[in-house]
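I opened a new notebook page today.

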Amino acid sequence: GKMSELFNSHEVEFGRYMDQISHKIDSISFQSKDKKESAINEGYSDLREAEYCLRQMEIEMAVLPAQTRAQLQPRVRKYRQDFEKGKKQFQKMQDRYLLEKSKETMMGAQLENLGGGGANENRVRLLDHNAHLSNQNRDLDAAIRVGRETNEIALEIKGNMENNRGKIEVASDAARNIQKGSSESNKIIRRIARREIIHKLIIYG
């Protein structure tokens, strides 16, 4: 069905983003400084997109039939664990990169002090860079938090819809029973009326 196709589409996209994140984690140590920084920026984008796909899978799964949902739940739970693991590995990689960058800047500052200039400028550049990566961390955490809140709202709406559907079905059953009862009553009234007519014909000819 359509819901299942949507789930499959998000699942494929999630796998693609997680592969890209794994590739960045594995290859970053062999890259130049500029490429490392670019890989970290791209990695944050991949993490945000992977988390979005995961949330969409959770929402789609919630509206699928109970049997299908039961089959998919362990898989989605594993995806959530994979995502958290990938996110931690990525942030460790970022921390290593920041440490390298800090060491390089400190060495550069010492050399510049010996040569007579530019140490403060180097420190400012490092602080700006650290602040930028720290902001990315905060943005990612905020996006995940908002995503989870959105999921909760979507699942609550779904629960309310199912509850209302149940009430409508009960009301429909009651209406059908009333209609059926009314039909039975009409039959009884018609039978009584026919009996009265027959009775009068017998008595009065």
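I began with Arg80 and Glu58, whose side chains form a salt bridge at 3.3 Å, N to O. I noted the cut-off: a salt bridge is a side-chain nitrogen of Lys or Arg within 4 Å of a carboxyl oxygen of Asp or Glu. Arg80 sits in helix α3 and Glu58 in helix α2, 22 residues apart, so I logged a link between distant parts of the chain. Helices here are DSSP runs (H or I, at least four residues), numbered from the N terminus.

The model is predicted: local features need pLDDT of at least 70, side-chain atom pairs count only at pLDDT 80 or more, and totals for chains, interfaces and linings use all residues. Residues are numbered from 1 along each chain as its sequence is written, and side-chain values use heavy atoms, leaving out hydrogens and water.

Next I asked: are Arg80 and Glu58 buried or exposed? Arg80 is buried at 14% relative accessibility, and Glu58 is buried at 19%. Buried means under 20% relative accessible area, exposed over 50%, partly exposed in between (1.4 Å probe, protein chains only).

I then looked up Lys36 and Glu100, which meet in a salt bridge at 3.1 Å, N to O. Lys36 belongs to helix α2 and Glu100 to helix α3 (residues 66-115), 64 residues apart. Lys36 is buried, at 11%. Glu100 is partly exposed, at 36%.

How many salt bridges does the structure hold? I wrote down 10.

Conventions: Helix = DSSP H or I, 4+ residues; strand = E, 2+ residues; numbered from the N terminus.
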